[in-house]
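Subject: Handover of a structure

Dear colleague,

Please find the structure below.

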Amino acid sequence: ILPTALGEATKTVPFVMDGEKTYRFTLKFGEARATDDAEGEVTARSDRRPTDAEIEAVLPKFQGEITQVPPAFSAIKVQGERAYDLAREGEIVELRPRTVLVHEIRLTGRPDPDHAVIEVKCGKGTYMRALARDIAVALGTVGHVGALRRLRVGPFAEEGAISLDPLKALGHSPAAFEHVLPIETALDDIPALALSATEAIRLRSGQPVGLLHRLDRDRIRGFAPGDMVCAMSEGRLVALTRFEAGELVPVRVMNL
């Protein structure tokens, strides 16, 4: 799943990519690879194959806040250069461990002793290749990602997606636009607040909107300092804002 934004919707991309993601990957036991996936050279081998029970017993160690070292072949910058560029040039890349959040991890299939299918719900920055590598090591063997599929990004899921070839075949026909979703879809987990016409004009000009009047108390009930808020007017998104010190401060103004 790769959410694609058009026009003003590109302003929502950082918020979508910060959302929860769901992945399914196949862990192939017996071979460690330089890239931690099937494309890299084999760096180690092991004959050990864990049982289903052993896999299920170790997975809870990879749930919650965990520390992982990203793969050397990753887009992380090292002194201004991408790690994968340095790795491809034969340089030894040492990346710092980072803390990531795994909401849920479970074994969903075992096609054969060499493979295990694992599904993960996680926060941003979590590398499935690092998870596969570390799970194999925790099981006393080595392994890498043999197959990987991203099933969900924030509110965007597989059942609402269209693959590239069918989309290309639709061209500019009306049917193609049936797959274009409203901009609000990307922000469905951010609370909304209705504005007056005057308040909307202030936000559109980049000015904050004060909500300190006693009549505003019901409107802002439940908001906490730092919360993101979708500011709406006449059913349209005016701006993405942050609630700070009794004000809606514009973060991204939408020209819709």
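There are 16 salt bridges by the rule used here, a salt bridge being a side-chain nitrogen of Lys or Arg within 4 Å of a carboxyl oxygen of Asp or Glu. This is a predicted model, in which local features need pLDDT of at least 70 and side-chain atom pairs count only at pLDDT 80 or more, while totals for chains, interfaces and linings use all residues. Residues are numbered from 1 along each chain as its sequence is written, and side-chain values use heavy atoms, with hydrogens and water left out.

Side chains of opposite charge can pair when their charged atoms come close. D134 is partly exposed at 22%, whereas R133 is buried at 19%. R152 pairs with E159 at 3.9 Å between the closest N and O atoms; R152 is partly exposed at 30% and E159 is exposed at 68%. A network of salt bridges links R24, E104, R106, E119 and K121.

The next topic is the sheet. Six strands form an open, antiparallel sheet in the order β4-β7-β8-β1-β9-β10. Strands (E, at least two residues) are DSSP runs numbered from the N terminus, as are helices (H or I, at least four residues). β4 (64-68) and β10 (156-157) stand at the edges, each with a single partner strand, so one side of each has no neighbour in the sheet. Two strands pair if DSSP finds at least two bridges between them; β4 and β7 (residues 98-112) have five, in the antiparallel sense. In this pairing, T67 stands opposite T99 of β7.

Strand β7 also holds R110, which is partly exposed at 22% relative accessibility. Leaving aside residues up to four places away in sequence, R110 touches, among others, F29, P50, T51 and D52, where contact means heavy atoms within 4.5 Å. R110 and T51 are 59 residues apart in sequence, yet their C-alpha atoms are 9.5 Å apart in space.

Finally, the cysteines: the count of disulfides is zero, a disulfide being a pair of cysteine sulfur atoms within 2.5 Å. C122 is buried at 0%, and C230 is buried at 4%.

Yours sincerely

Conventions
Buried means under 20% relative accessible area, exposed over 50%, partly exposed in between (1.4 Å probe, protein chains only).
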